[in-house]
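Subject: Structure for you to look at

Hello,

Here is the structure I said I would pass on. Please open it first, then read the notes below with the model on your screen.

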Amino acid sequence: MHIAEGVLSPPILAAGYALTAIGTAIGLRKLDYDQLMTVAILAATFFVGSLIHVPIGPSSAHLILNGLLGVLLGWAVFPAILSALALQALLFQYGGIVVLGVNTFTMGFSGLVAWYVFRLLVRLWPGMKGLRAAAFCGGAIGVLGAGLLTALALAFSDEGFLTAARLIFLAHLPVMLVEGLITMFTVGFIARVRPEMLHPSCPQCPQHSA
C-alpha cells in the first residue's frame, strides 16, 4: 500500500502533507496522556504488521492494520501511523519522505473512517455480538478506504497509473477479510480482559462480555 517516491504529482504530494498535518494536529490535541503507551504499542504493531506479506496468486499484499488502529485510537490514529511510516521510510526505504504525507493520509483517514463506522455500529447493535460485528467492519473498511485513496492518488497523478491503481485495489480485497477477522478477534479479546482500553475511543462499548 506504500506509494514509492517519484510517482505522484506535486499537487497530490502537497495536498497529502497538508491533510496529514491537519489530521495529526487534531489527533495530538485529542490524545490523552494515559493513551500514550497504547498509541506507542499500536504504532509498533502497525510497523511490524506491514512487513508481513500475504501471498495472492503471482503477487502479494501486506497487512495494513490501519482499521484496527483506527478502532482503538480514534483521531490518534494519525500521529501513530505517521510515526510508524516515517520510521519505515528511514530504516527500510518503504515509501519515502517525499510521499510520507500521502501515505499517512490514505491510511490514517481510512482508519478514522473505520472508527466512526465502528462507533455507529456499536451504538446501533449493543452487546458483544454487535461489538465483534462492528470491529470486523472497522478492520475491513480501513483496508478498503486505504486502497481506494491510494488508487485515486495514482489515478489523479497520471492516467497511465490507472491500471496499476486498479490492480493495487483488487490485490487488497482479500486483505480486507483477513484484517476484518484480526480486528474482530483483537477487539473481542480486549473487551473481555481490558475493556477500559476501548472506552477512550468508544465510551458506548460494553464493559463486560455477555
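A residue to start with is Leu 65, which counts as buried because its relative accessibility is 6%, under the 20% cut-off. Leu 65 is found in the loop between β2 (59–62) and α3 (66–73). Its phi is near 65 degrees, a positive value in a residue other than glycine. Please keep in mind that this is a predicted model.

Overall layout

The protein chain has eight helices and two strands. Along the sequence they follow the pattern α-α-β-β-α-α-α-α-α-α. Of the 210 residues in the protein chain, 48% are buried. The chain exposes about 9,900 Å², and carbon and sulfur atoms supply 73% of that area. Taking contacts between residues at least 6 apart in sequence, 76% join residues at least 24 apart.

Helix α3

Asn 66 is found in helix α3 and is buried, with a relative accessible area of 0%. Which residues does Asn 66 contact, leaving aside its neighbours within four places in sequence? They are Phe 46, Val 77, Ile 81, Met 107, Ser 110, Gly 111, Gly 142, Val 143, Ala 146 and Glu 179.

Gly 70 also has its place in helix α3, and its relative accessible area is 0%, so Gly 70 is buried. With neighbours within four places in sequence left aside, Gly 70 is in contact with Val 77, Gly 111 and Trp 115. Gly 70 and Val 113 are 43 residues apart in sequence, while their C-alpha atoms are 7.7 Å apart in space.

In soluble globular proteins, nonpolar side chains tend to be buried together. In this model, the largest nonpolar core has 42 residues, and the members that touch the most others are Phe 46, Leu 69, Phe 118, Leu 131 and Val 187. Helices α2, α3, α4, α5 (100–124), α6 (128–157) and α8 (173–193) each supply at least two residues of this core. There is also a second, separate core of seven residues, with Val 99, Val 102, Ala 153 and Leu 154 among them.

Aromatic rings

A pair of aromatic rings is described by the distance of the centres and the angle of the planes. How many aromatic pairs does a search of the whole structure find? It finds five. One of the aromatic pairs is Phe 47 with Phe 92, which is tilted, at 5.8 Å centre to centre and 45 degrees between the planes. This pair links distant parts of the chain, since Phe 47 is in helix α2 (residues 36–49) and Phe 92 is in helix α4, 45 residues apart. Phe 47 is buried, at 15% relative accessible area, whereas Phe 92 counts as partly exposed, at 40%.

Another pair is formed by Trp 115 and Tyr 116: the ring centres are 4.8 Å apart and the planes are at 55 degrees, so this pair is tilted. Trp 115 counts as buried, with 8% relative accessibility, and Tyr 116 is partly exposed, with a relative accessible area of 45%. Elsewhere, ring pairs link Trp 75, Phe 78, Phe 105 and Phe 109 into a cluster.

Back to Phe 47: not counting residues up to four places away in sequence, Phe 47 touches Ala 84, Leu 87, Gln 88, Leu 91 and Phe 92. Phe 47 and Ser 83 are 36 residues apart in sequence and 9.0 Å apart in space, C-alpha to C-alpha.

A patch on the surface

Which residues form a nonpolar patch on the surface? They are Tyr 17, Leu 51, Leu 87, Leu 90, Leu 91, Phe 92, Tyr 94 and Ile 97, and together they have about 730 Å² of accessible area. Helix α4 (residues 77–92) gives the largest share of this patch, four residues. Leu 90 lies in helix α4. Is Leu 90 buried or exposed? Its relative accessible area is 57%, so Leu 90 is exposed, the cut-off for that being over 50%.

Those are the notes for now.

Regards

Conventions
Residues are numbered from 1 along each chain as its sequence is written. This is a predicted model: local features need pLDDT of at least 70, side-chain atom pairs count only at pLDDT 80 or more; totals for chains, interfaces and linings use all residues. Side-chain values use heavy atoms; hydrogens and water are left out. Patches are made of residues with over 30% relative accessible area and no salt bridge: like charges are joined within 9 Å, nonpolar side chains (Val, Leu, Ile, Met, Phe, Trp, Tyr) within 5 Å. Accessible areas come from the Shrake-Rupley method with a 1.4 Å probe; for residues, only the protein chains shown count as cover. A salt bridge is a side-chain nitrogen of Lys or Arg within 4 Å of a carboxyl oxygen of Asp or Glu. Buried means under 20% relative accessible area, exposed over 50%, partly exposed in between (1.4 Å probe, protein chains only). Rings of Phe, Tyr and Trp (its six-membered ring) pair if their centres lie within 6.5 Å; planes under 30 degrees apart count as stacked, over 60 as edge-to-face and the rest as tilted. A nonpolar core is a set of buried Ala, Val, Leu, Ile, Met, Phe, Trp, Tyr and Cys residues joined through side-chain atoms within 4.5 Å. Contact means heavy atoms within 4.5 Å.
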